[in-house]
Amino acid sequence: MVERLTALDASFLYLEEPGTPMHVGAVLVLECPSGTLDHDALIELVRTRLPLVPRYRQKVLEVPGHLANPAWVDDPDFDLTYHVRRSALPRPGTEEQLLDLVARLTARPLDLSRPLWEMYLVEGLAGDRTAVVTKTHPALVDGLGAIDIGQVILDPDPDAGSAPTDSGEWRPRRPPGSAALVWEAVEEYLQRPSAVLETARTAAGDLRATATRWAGVAGGLVAAVARTAVSPAPTSPLNAPIGRQRRVAVARASLDDLRTVRKAHGGTVNDVLLTSVTGALREWLLSRGEPVVGSTSIRALVPVSVRAEEDGAANEVRSFLVDLPVGEPNSRVRLARISFAMRGLAPSGQSVGADTLSALSGFAPPTLHALGARAASGLSRRLFNLVVTNVPGPQVPLYAGSARMVEVYPVVPLVRGQGLAIGLTSYDGTVYFGLNADRDSVSDVDVLADLIEQEIAYLVEASS
C-alpha cells in the first residue's frame, strides 16, 4: 500500500497557483572566515542527515483520474546536487544584493515532479560570510513530527560529526505503476466510498469542500476566526491583486531591548513585537499618503508559538485575529491596547490549542511559519489584511559543520490578494524579521523594515 498525502496536504497542493507558490523559506547567514562551508561540504552534510528526513527523497505521484489522494513515493532519479545548489553574489556582496537574490528564489515555484525542497549555498557575502537559503513545501510536513531540512543540518557544537548516515547506498523503492495506483484506489473506495467523492472535490478545487475539510481538521481555528471576525477586515493597500515577483526585506531587534520595554510598560515580548509592527505600518501608510485616522486599523492573523521559560517545557501554539491600532499616534498606548486585546482573546476561547495546530502543520520550529500560510490559504482573505508569524528559536549558537549561524530570517509565503507577510524568529538573543512582499503593490517594503527598527528604538528610548 502506498502512503497517501492527507486530504489537507493534497488540497494545499491543489490550491497553489503559479503566482502564489506556497513554499516556506529561510535565510541562514553563516560565519565562514576560511571558507569552511563550501558547496561540496554542504552537499556532504545534507547527505549524512537525509536519513533524518526520509520524506526529502520522496516525490508526489498523482493517481490517474484523481481517484484518490496523491501518494508519496521514492524518487528513483533523486539527485542531491539538483536540490543543493550553488550561487554567488557579485562584489561587494551586500545584504541588499543577498535579499534581491532571495526574492528571485522565493518567486520561483518548486518543481512538483521532484521532492518538494531546495537549498542554495550563496557565496560572496561581505564580511567572510556565507548564506544558505532553503525552500520547503508545507506538504512535506505531515503533522507527525516531520522537520525541515534546515533544522537537521544545524548542531549546537561545531564539527559535531556526521549524525545518522545511510547504512550503505540508498536504494529507492520502485514506484507503483498506474494500474497498481488505480487498483489501490478502487480497494480504498470499496472500504470507504466517501473517499472518492472527497478526492474529486479536492482535485476540482471546490473551495467550499476545502473549507469543510478545514473545519474537520481544524475546527478550533475556524471557530475562533468566526467568533473574532464579526466584520470584514478593514480596507488596506496590503490587499490587492499580486503578481509573480517578490521583494524581501529584513529587520532585527535585541531580545534584551524588547524585555526592557516589556518590563517598563507591561505585556509580553510578543505584544512589543506586534506594537513595533503596528507603529511601522502607521508610518508606512502615512508615507504613502494613505488616510490614517484614530479609528484606522489593520487586521493581522497571528499564529504564535510560545515556549515556556522552564527547560524542557513543551511548545504551545495559538492563533489570533488581532486588529492592530495603526490610527493610535502614541506608541505606549498602542502597546497597552495590543496587550489588552491579546489578553482578552485567550480566556474567551478564541485561541487555538497546540494539538489543533500541530495537526495542521507539524511541530518543528523551522516549519511553524507554515501555520500562517496554511491558515491564510484555508480561510477567507476578507477576514484579515496580513499574516504575522512568530516562532521562538534556540538561544544558543548553532553550527552547520564548523560555520556558525549568526542570523536567520524566515520568508513566509503570500496568498492571493495579500501583498505582505511577516515572519519573526528569535535566535541567540536577537529577533529577526523577514518581510516577504509583492514586488508591485508593496514595492517599498524596505522602508517598512527600517520603520520597524525605528519603532523599536523609540520604544526602548521611552522605557529608559
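**Close-up 1. The open sheet of β1, β4 and β3.** In this predicted model, three strands form an open sheet in the order β1-β4-β3, with antiparallel pairing. Strands, like helices, are DSSP runs numbered from the N terminus (strands E, at least two residues; helices H or I, at least four), and two strands pair if DSSP finds at least two bridges between them. β1 (3–4) and β3 (58–61) stand at the edges with a single partner strand each, so one side of each has no neighbour in the sheet. β3 is joined to strand β4 (residues 71–74) by four bridges. Leucine 61 lies opposite alanine 71 in β4.

**Close-up 2. Strand β7 and its partners.** Strand β7 (residues 129–136) is largely enclosed by the rest of the structure, because seven of its eight residues are buried. Buried means under 20% relative accessible area, exposed means over 50%, and partly exposed is in between (1.4 Å probe, protein chains only). Eight bridges join β7 to β2 in an antiparallel arrangement, and valine 27 stands opposite valine 133 in β7. β7 also pairs with strand β6 (residues 117–125), antiparallel, over seven bridges. Here methionine 119 stands opposite threonine 134 in β7. The hairpin of β6 and β7 has three residues between the strands, and its glycine 127 takes a positive phi near 75°.

**Close-up 3. Threonine 20 in its loop.** Threonine 20 is found in the loop between α1 (7–15) and β2 (24–31). Its relative accessibility is 4%, so threonine 20 counts as buried. Leaving out residues up to four places away in sequence, threonine 20 touches Ile242, Arg246, Leu414, Val415 and Arg416; contact means heavy atoms within 4.5 Å. Threonine 20 and leucine 414 are 394 residues apart in sequence, yet 6.2 Å apart in space, C-alpha to C-alpha.

**Close-up 4. The packing of helices α11 and α15.** Helix α11 (residues 269–287) packs against helix α15 (residues 445–463) at an angle of about 125°, and their axes are 8 Å apart. α11 is therefore oblique to α15; angles under 35 degrees count as roughly parallel, over 145 as roughly antiparallel, 65 to 115 as roughly perpendicular and the rest as oblique. The residues in contact include Val272 and Trp284 of α11 and Leu448 and Leu459 of α15.

**Notes.** Residues are numbered from 1 along each chain as its sequence is written, and side-chain values use heavy atoms, with hydrogens and water left out. In this predicted model, local features need pLDDT of at least 70 and side-chain atom pairs count only at pLDDT 80 or more, while totals for chains, interfaces and linings use all residues.

Technical notes: Axes fitted to C-alpha atoms, helices over the stretch in contact; angles between N-to-C directions.
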